[in-house]
Amino acid sequence: MDFKLSKEQELLRDGLVKFLSTRYDLETSRTAAKTGPGWQPDVWAGFADELGILGAALPDEVGGIGGGPVEMMVIAEALGQALVVEPYVDTVVVAGGLLRRAGGAVATSLLERIVAGTAVVALAATEAESGGNWLDVATVAEPDGDGWVVRGTKIVVASAPLASHLLVTARTAGGVSLFAVDLADAGEGLKAHHYRTVDDRRASDLVFDGLRLPGDALLGEEGAAGPSLEQARDEGAAAVCAEAVGCMRKVLADTVEYAKQRQQFGQPIGSFQALQHRMVDMHMEVEQSVAAAYLAILNLDAEPAVRARAVSAAKATIGRAARFVGQQAVQLHGGMGMTEELAIGHYFKRLTALQYEFGSTDHHVTRYAKLTRT
């Protein structure tokens, strides 16, 4: 199988890498993540206006470039390598995919605003009792005149504190449905508790207490959101697989460079054979992860069972690799590896969090086993 990027994809990657190398230094991004709004809106605007990456994998009809999963992979990997906290996966990959499949005037308008960088959209799907299953929904939406009333709770809604809009899953008479919520109009019907996660991202716990929505807030057909949500979860998992590859490439490169410089017993620690073996093991895990990420990306457009099996295989493989590479990097750096003074400590936190996003390693091992038995 040919894993080479096209010239256009290489230009996309190189332009983004150059932008991040000059505009996204780690110290500034960590300061922004820990204070104020938790991100850099000017960087997000640059993604839209200067690079066009917010529309690279979205259709031409909404102002995008019309790319696909490979373009998404290229972008996510570069963002992972620079440890970008801006919500590309949440807004463009997950929400963008749901909106694209839902269709309709509201979805089209939101997609156009995502491409332009003027809307940040987060998916509110996880509930306390659902065990991470997006289709296990206790939140309800009931008809109210020509609109809807939503009641229920959502937890750990990634990027919600940064969002201008939410996509909310709720149970209706027909099944699980998806609704668009403009946060500027939510009023007293929505209560939010915002917080910073261990990897310097932002998330929220939400309570919908009689939130009133207009009739056109319903996206797609009532009760028919299930297949699209399953696809969005797989797309998100594939995207964070690519992001993890970018993180691991950076962690490995920094560890090798540190081993060349750190002196012990009058010589670089990289000259010790035992440590060389550990870095080779890290390299092998990274290379396996690259192949696993391609497996997921190249099967995103396959039929659901094939897609799910490929994504779970990749997520399980990369989850294990992220744990190994992160831990080895910290150990090889010594006590400094756990501090925030070095980049390695920040990457370790992100690699740890990535193991659980869109399903844990154990979840995907179990799902893969079930899918291979059927």
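**Close-up 1. The left-handed crossing of helices α7 and α8 in the predicted model**. In this predicted model, α7 and α8 cross in a left-handed sense, and the two helices, spanning residues 226-261 and 273-297 respectively, have axes that come within 9 Å and cross at roughly 160 degrees. Since angles over 145 degrees count as roughly antiparallel, α7 and α8 are therefore roughly antiparallel to each other.

**Close-up 2. Residues in the contact between α7 and α8**. From α7, the contact is made by A238, V245, M248, R249, V251, L252, T255, V256 and A259, while α8 contributes M279, M282, H283, V286, S289, V290, A293, A296 and I297. Sorted by class, the residues of this contact of α7 with α8 comprise 14 nonpolar, three polar and one charged.

**Close-up 3. The largest cavity and its lining**. By class, the lining of the largest cavity has six nonpolar, two polar and one charged residues.

**Close-up 4. The second largest cavity and its lining**. About 30 Å³ of space lies in the second largest cavity, which is lined by G38, V85, S159, L162, D200, R201 and R202. The lining of the second largest cavity divides into two nonpolar, two polar and three charged residues.

Methods. Residues are numbered from 1 along each chain as its sequence is written. This is a predicted model: local features need pLDDT of at least 70, side-chain atom pairs count only at pLDDT 80 or more; totals for chains, interfaces and linings use all residues. Side-chain values use heavy atoms; hydrogens and water are left out. Axes are lines fitted to C-alpha atoms, for helices over the stretch in contact, and angles run from 0 to 180 degrees between N-to-C directions. Helices (H or I, at least four residues) and strands (E, at least two) are DSSP runs, numbered from the N terminus. Angles under 35 degrees count as roughly parallel, over 145 as roughly antiparallel, 65 to 115 as roughly perpendicular and the rest as oblique. A crossing is left-handed if the near helix is turned anticlockwise from the far one by less than a right angle, and right-handed if clockwise. Contact means heavy atoms within 4.5 Å. Ala, Val, Leu, Ile, Met, Phe, Trp, Tyr, Cys and Pro count as nonpolar, Asp, Glu, Lys and Arg as charged, and the others, Gly among them, as polar. On a 1 Å grid over the protein atoms alone, a cavity is a set of points where a 1.4 Å probe fits but cannot get out, and a pocket is an open set with protein on both sides within 12 Å along at least five of seven lines; lining residues have an atom within 4 Å of a point. Grid points are joined across faces, edges and corners, and a volume is the space filled by probe spheres set on the points.
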